[in-house]
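Colleague: I want to learn how to read strand pairing and charged pairs in a model. Can we take one case and work through it?

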Amino acid sequence: MSDLRTRPPVSVGIDIGGTFTDVVCDFGDGTLKVMKVPSDAQDPSRAVLGAIARMGEDWGVAPDAVGMLAHGTTVATNAVIERAGARLGIITTDGFRDILEIGRQGREEIYDTVLRVQTPVFLAPRARRLTVKERIAADGSIVVPLDEAAVVAAADRLVADGCEAIAVVFLFSFANPAHEERAAALIAGRHPDVALSISSAVDPTFREYERTTTTSFDAYMKPVLDRYLSRMETSLAEAGVSAPFQIIQSRGGLCSATVARQKPVRLFLSGPAAGVVAGVESGRSAGRG
């Protein structure tokens with residue numbers, strides 16, 4: 001077998017599934033090689049380490065020959081489906097405690113006499129949704145100053161209740177993020193180990209229900225993704241892979257692990273999106289694009 005070490009850096013794509021971890025190597029000259037190894041449910045990074053070792057043994061590809069590494073993951077998807085995200089608390093504007101539960105008027109079965117919950121209340125039941133006095137108007141002006149003592153008290157209460165993550169969603173914060181940013185600074189200063197997501201950074205758009213759910217999902221997944229990405233980065237470094245570790249987002253583009261940590265909600269459909277992108281490229285290469 002010819003030694004491939006002298007070739008240009010290879011591009012590697014990795015997808016970790018529940019049963020198998022799939023690896024594709026693009027050598028840049030039209031040569032593609034694929035590999036399938038058993039996944040490790042306890043620590044998915046172990047399968048990646050095994051695949052990298054086999055790349056060297058079977059194909060002569062040294063870890064430092066990897067020039068790009070892209071990863072599609074269903075960790076965020078599974079965390080939501082399995083209800084395995086962080087214990088979440090929400091801090092919002094006084095009077096808007098139940099927006100996560102109320103949702104929108106549009107419902108699938110509007111004439112049912114017994115209503116089923118159609119909003120993601122599992123993210124944070126009412127006891128873990130707290131409010132503080134503050135109000136920003138639609139034009140961004142401050143109507144009611146932020147009650148900083150109430151923010152601290154709410155955060156203390158949520159942390160005492162075991163919350164690993166807190167979402168801060170204030171009314172019209174997309175027009176003026178000052179109150180959310182100050183609340184985040186207060187919480188981070190007091191509870192540095194708690195994951196934080198603020199709506200003005202995650203989803204700075206109008207419509208309170210959508211912004212609340214998006215920000216809540218982001219915080220819900222943040223500790224899970226952070227632990228996962230940390231293990232992956234550590235394992236890759238130990239294996240000798242120096243290429244930037246890039247993650248496929250729900251929209252199909254790539255982002256760094258650092259960006260993925262900041263806004264994990266972007267990875268909700270990472271794995272499925274990677275499959276769609278691969279399918280499109282396969283079709284084009286076969287002349288059917």
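This is a predicted model: local features need pLDDT of at least 70, side-chain atom pairs count only at pLDDT 80 or more; totals for chains, interfaces and linings use all residues.

Colleague: How many bridges join strand 9 to strand 10?

Modeller: The general idea is that strands of a sheet pair through backbone hydrogen bonds, either parallel or antiparallel. Here four bridges join strand 9 (residues 165-169) to strand 10, and the two run parallel. Two strands pair if DSSP finds at least two bridges between them. Strands (E, at least two residues) and helices (H or I, at least four) are DSSP runs, numbered from the N terminus.

Colleague: What is the order of the strands in the open sheet?

Modeller: The order is 6-5-9-10, four strands with parallel pairing. Strand 6 (129-132) and strand 10 (195-198) are the edges, each pairing on one side only. From one strand to the next, the twist averages 20°.

Colleague: Which strands does helix 5 touch?

Modeller: Helix 5 (residues 178-190) packs on the sheet and touches strand 5 (88-93), strand 9 and strand 10. Contact means heavy atoms within 4.5 Å. The direction of helix 5 makes about 175° with that of strand 10. Axes are lines fitted to C-alpha atoms, for helices over the stretch in contact; angles run from 0 to 180 degrees between N-to-C directions. Helix 7 (residues 208-239) lies across strand 5, strand 9 and strand 10, at about 160° to strand 9.

Colleague: Now the charges. Which residues are linked with D43 in a network of salt bridges?

Modeller: Side chains of opposite charge can pair when their charged atoms come close. The cut-off for a salt bridge is a side-chain nitrogen of Lys or Arg within 4 Å of a carboxyl oxygen of Asp or Glu. The network links D40, D43, R46 and R231. D43 meets R46 at 3.8 Å, N to O. R231 also bridges to D43, with the closest N and O atoms 3.5 Å apart. R231 lies in helix 7 and D43 in the loop between strand 3 (32-38) and helix 1 (44-59), so this pair ties together parts 188 residues apart in sequence.

Colleague: Is D43 buried or exposed?

Modeller: D43 counts as buried, at 15% relative accessibility. Buried means under 20% relative accessible area, exposed over 50%, partly exposed in between (1.4 Å probe, protein chains only). R46 is partly exposed at 47%.

Key. Residues are numbered from 1 along each chain as its sequence is written. Side-chain values use heavy atoms; hydrogens and water are left out.
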